Amino acid sequence: MKKFKKKFKFSSQKWLDRNNKDKYIKLSKEFGFRSRAYFKLQEVNRKFHIIKNNIKILDLGSAPGAWSQLIGTINKDGLNFAIDILDMKNTYNVKFVKGDFTSDESKLKINTFFEDQKIDLILSDIAVNTTGNKNLDSIKTNLIVIDVLKFSSLNLADNGKIFFKFFNGLESETIIKYVKKNFSTHKILKPDSSRKASKEVYMLCSC
Ligand SMILES: C[S@@+](CC[C@H](N)C(=O)[O-])C[C@H]1O[C@@H](n2cnc3c(N)ncnc32)[C@H](O)[C@@H]1O
């Protein structure tokens, strides 16, 4: 028990130190962004201009809502739909539904919202809520990513794009194989605001 307490104290102190130094957390607080994730999407959008006005955008794993904040302000006249297993506060111009993306019910709600029309941009920042076992978490997230990719292949518009997070490791080969087979272009990206120590990487694919 003592040992556990000591270890816990050490790791929580490390977490606090890291967060105090993190410039993206400071900037998020300063500008009222809901999480530091805002900067990842902003950086990729500045380079690739994936978010436009008057299009259809789906934000998967959207809570607490930083990506939704960004899409809602740029895609002012289009349709934005966000979904997460956790609750999310309302965001300007974005329809949020609480639910598990992998369920048929959630997929039906997405298609109904877009009136069965194709989607221009799918974003997925889904990461399973942590169990404490990083390898297991990565595998579980990557399995959901494969489901996201299958849904995207069926529901993206002709010039549609998907920008999603996955984890280097088990199942990432399956993701890369799937993408090569089903999308015309793909780029693996590691935004500056993504922590260097994290195995998370992002991929941008076009139909
Ligand atoms: C890193 S956070 C997303 C941060 C978000 N992009 C933002 O800008 O605030 C990952 C989210 O994925 C969600 N998630 C995990 N599994 C999910 C699933 N099966 N369906 C929907 N959301 C899921 C988690 O609840 C968590 O809120």
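Modeller: Tyr24 has a relative accessible area of 16%, so Tyr24 is buried (under 20% is buried, over 50% exposed, partly exposed in between, with a 1.4 Å probe and protein chains only). This is a predicted model: local features need pLDDT of at least 70, side-chain atom pairs count only at pLDDT 80 or more, and totals for chains, interfaces and linings use all residues. Residues are numbered from 1 along each chain as its sequence is written, and side-chain values use heavy atoms, leaving out hydrogens and water.

Colleague: And Phe39, buried or exposed?

Modeller: Buried, at a relative accessible area of 9%.

Colleague: How many aromatic pairs does the structure hold?

Modeller: 13. Rings of Phe, Tyr and Trp (its six-membered ring) pair if their centres lie within 6.5 Å; planes under 30 degrees apart are stacked, over 60 edge-to-face, the rest tilted. Tyr24 and Phe39 form a tilted pair, 5.4 Å centre to centre with 50° between the planes.

Colleague: Where do those two sit in the chain?

Modeller: Tyr24 is in helix H2 (residues 23-31) and Phe39 in helix H3 (residues 37-48), 15 residues apart. Helices (H or I, at least four residues) and strands (E, at least two) are DSSP runs numbered from the N terminus.

Colleague: Which rings are in the cluster?

Modeller: Ring pairs link Tyr24, Phe31, Phe33, Tyr38 and Phe39.

Colleague: New topic: what lies over the face of Phe101?

Modeller: Lys107, at 5.0 Å from the ring centre. The criterion is NZ of Lys or CZ of Arg within 6 Å of the ring centre and within 35 degrees of the ring normal.
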